[in-house]
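Here is a short briefing on one protein chain. Please look over the sequence and the model first.

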Amino acid sequence: VKVGDEGFKLIGQLNKLESLDATDASITNAGTAPLANLQLLRELILDITVLGDEGLASISKLHSLKRLSLSATRVGDLGLKVLAKLRGLESLNLSGTNITHVGLEFLKPLSNLTHLDLGENGIRDDGIIHLSTFQKIQSLTLNYNRLTDQSADWLKGFKQLKFLNLKGNLISDKKKAELIESMPYTTVNT
């Protein structure tokens, strides 16, 4: 059963709810307003929805959120400005959205992130520098973007990473080998 905006009005009354997986729900930007009532929510998954930047204002009021997944939505760079208010986030999935290298700067305040998925977004090298604030990051997914050898060199500094996915980028085999060698405690998927 697909839950739409009317159903989310009812869900918004469940004020003790801690986790909500609404993957493939029929929620629109307007339908997110009741979610602001869920102040105990620690995990929110709204993958494969038509949610865009306009629907994130209500979500940005959920300061207890630790995990947010918006994969395959219409979220773009302007939405990242709004998400930056969620300073307690530890896991953020923005794979297959409309974000670009330009919007990554807006994520800088999210210094508690340990997991970040930015796969399948068309991100270029000049946005990767903005990830330097993520000193706690352990898992970074950047597959199927437009990253080159320049990004591979820059990512060598992430010694705390346990997992790095760079598959499907424009990084040379030589740079991939150098990166893997420089990160012996990291599983690097190229």
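This is a predicted model: local features need pLDDT of at least 70, side-chain atom pairs count only at pLDDT 80 or more; totals for chains, interfaces and linings use all residues.

Residues are numbered from 1 along each chain as its sequence is written, and side-chain values use heavy atoms, with hydrogens and water left out.

**Overall build**

- The protein has six helices and eight strands. Both are DSSP runs, numbered from the N terminus: helices are H or I with at least four residues, strands are E with at least two.
- From the N terminus on, the order is α-β-β-α-β-α-β-β-α-β-α-β-α-β.
- Along the principal axes, the C-alpha atoms fill a box of roughly 55 × 25 × 25 Å.

**Burial, contacts and charge**

- Of the 190 residues, 49% count as buried. Buried means under 20% relative accessible area, exposed means over 50%, and partly exposed is in between (1.4 Å probe, protein chains only).
- The accessible surface is about 8900 Å², and 52% of this area belongs to carbon and sulfur atoms. Areas come from the Shrake-Rupley method with a 1.4 Å probe; for residues, only the protein chains shown count as cover.
- Contact means heavy atoms within 4.5 Å. Among contacts with a separation of 6 or more, 47% join residues 24 or more positions apart.
- There are 22 positive and 21 negative side chains, and the centres of the two sets lie 5 Å apart. Lys and Arg count as positive, Asp and Glu as negative; His and the chain ends are not counted. A charge is placed at NZ of Lys, CZ of Arg, CG of Asp or CD of Glu.

- Lys-175, Lys-176, Leu-179 and Ser-182 are buried in α6. Seen down the helix axis, the buried residues of α6 fall within an arc of 135°, so they line one face. The arc is that of the directions from the axis to the C-beta atoms.
- Asp-173, Lys-174 and Glu-181 are exposed on the other side of α6.
- The cover over the buried residues of α6 includes α5 (149–155), β7 and β8 (187–189).
- Ser-172 sits in the loop between β7 (163–165) and α6 (173–182). Ser-172 is partly exposed, at 27% relative accessibility. Its C-alpha atom is 7.5 Å from that of Thr-148, 24 residues apart along the chain.

**Loop residues**

- Gly-168 also lies in the loop between β7 and α6. Gly-168 is partly exposed, at 37%. Beyond four places in sequence, Gly-168 touches Tyr-144 and Asn-145.
- Asn-143 is in the loop between β6 (139–141) and α5. At 10% relative accessibility, Asn-143 is buried. Leaving aside neighbours within four places in sequence, its contacts include Asp-117, Glu-120, Asn-165 and Lys-167.
- Glu-120 lies in the loop between β5 (115–117) and α4 (125–128). Its phi is positive, about 60°, although Glu-120 is not a glycine.
- Ala-72 has a positive phi near 60°. Ala-72 lies between β3 (67–69) and α3 (77–83) in a loop, and is partly exposed at 36%.
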